Amino acid sequence: MVQSEEGHGQHAASNRAWTGETVRGMVAVLTAALTSGFAGAYLEKMYKEVGDQKRSVWFRNAQLACFSVPVAVIGSAWRDGERLRANKGVFQGYDGFVLLVIALQAVGGLVVAAVLRYAGNVLKCFAVSISICNCAVATTFLSTNGGHGLSASATLGVALVIGSTFLYSNVV
């Protein structure tokens with residue numbers, strides 16, 4: 001678990017106790033991990049089907065979009081319904097940076113689909129873990145607020161991810 005280290009003042013002892021917020025956070029993280037694992041395993045099963053059930057990556061992505069588009073429409077109508085009805089349009093406030101992020105997310109989704117199709121969910125999880133570690137290390141060196149180093153627990157987490165990757169690939 002990665003947590004902010006802001007509680008070093010007079011409330012440090014009370015921050016370490018199992019409060020309701022801590023339990024809620026742990027439940028949220030465990031729920032996210034379980035649903036992500038099940039979704040990854042199911043997607044891998046879908047992408048690796050054989051015989052009459054085999055479909056292309058594009059077809060499977062279109063199927064998944066059929067579930068996500070209605071949720072996005074309902075969410076945007078709920079949050080920005082007045083602005084949408086005022087004819088400001090769905091793409092209000094979009095600029096080049098937003099379009100770049102959308103393009104990167106789309107390409108990333110296709111890459112994940114290809115990795116699930118040809119490599120598997122376990123390797124995808126390793127790739128995500130290594131990318132998170134790379135971001136943590138890069139942020140440490142590129143930080144504009146003094147370049148504080150990684151904490152001991154973050155360094156241990158990076159080492160465990162790297163070690164587990166080597167163990168899984170039978171390098172060690």
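Modeller: Let us start with Phe 91, which sits in the loop between α3 and α4 (96-118). Please keep in mind that this is a predicted model. Phe 91 has a relative accessible area of 62%, so this residue counts as exposed. On the surface, Phe 91 belongs to a nonpolar patch together with Val 90, Tyr 94, Leu 99 and Ile 102. The accessible area of these residues together is about 530 Å².

The protein has 6 helices and 0 strands, so the order of elements from the N terminus reads α-α-α-α-α-α. Of its 172 residues, 12% count as buried. The accessible surface comes to about 13,500 Å², and carbon and sulfur atoms hold 67% of that. If you take the contacts between residues at least 6 apart in sequence, 55% of them join residues at least 24 apart.

Side chains of opposite charge can then pair when their charged atoms come close. Both partners are partly exposed: Arg 83 has a relative accessibility of 44%, and Asp 80 has a relative accessible area of 21%.

At 34% relative accessibility, Leu 110 counts as partly exposed. Leaving aside residues up to four places away in sequence, Leu 110 touches Trp 58 and Asn 61. Leu 110 and Asn 61 are 49 residues apart in sequence, yet their C-alpha atoms are 8.4 Å apart in space.

Further along, Tyr 118 is also found in α4. Tyr 118 counts as exposed, because its relative accessibility is 68%. In space, Tyr 118 and Tyr 47 are 8.6 Å apart, C-alpha to C-alpha, although 71 residues separate them in sequence. Tyr 47 is one of the buried residues of α2, along with Gly 40 and Met 46.

That brings us to α2 itself. This helix has 28 residues and reaches 40 Å from its first C-alpha to its last, close to the 40 Å expected at 1.5 Å a residue. Helix α2 (residues 20-47) also holds Glu 21 and Arg 24, which lie 3 residues apart, about one turn of the helix. Glu 21 and Arg 24 form a salt bridge, with 3.0 Å between the closest N and O atoms. Glu 21 counts as exposed at 53% relative accessibility, and Arg 24 counts as exposed at 57%. The count of salt bridges comes to 2.

Ala 127 has its place in α5 and, at 46% relative accessibility, counts as partly exposed. From Ala 127 to Val 112 the C-alpha distance is 9.8 Å, while the two are 15 residues apart in sequence. The buried residues of α5 are Asn 121, Lys 124, Phe 126, Cys 133 and Thr 140.

The structure holds 0 disulfides. Cys 133 is accordingly in no disulfide, and the nearest cysteine sulfur, that of Cys 135, is 9.3 Å away. A disulfide would need the two sulfur atoms within 2.5 Å. Cys 133 is buried, with a relative accessible area of 10%, whereas Cys 66 is exposed, with a relative accessible area of 56%.

Technical notes
Residues are numbered from 1 along each chain as its sequence is written. This is a predicted model: local features need pLDDT of at least 70, side-chain atom pairs count only at pLDDT 80 or more; totals for chains, interfaces and linings use all residues. Side-chain values use heavy atoms; hydrogens and water are left out. Helices (H or I, at least four residues) and strands (E, at least two) are DSSP runs, numbered from the N terminus. Buried means under 20% relative accessible area, exposed over 50%, partly exposed in between (1.4 Å probe, protein chains only). Contact means heavy atoms within 4.5 Å. Accessible areas come from the Shrake-Rupley method with a 1.4 Å probe; for residues, only the protein chains shown count as cover. A salt bridge is a side-chain nitrogen of Lys or Arg within 4 Å of a carboxyl oxygen of Asp or Glu. Patches are made of residues with over 30% relative accessible area and no salt bridge: like charges are joined within 9 Å, nonpolar side chains (Val, Leu, Ile, Met, Phe, Trp, Tyr) within 5 Å. The expected span of a helix is 1.5 Å times one less than its number of residues.
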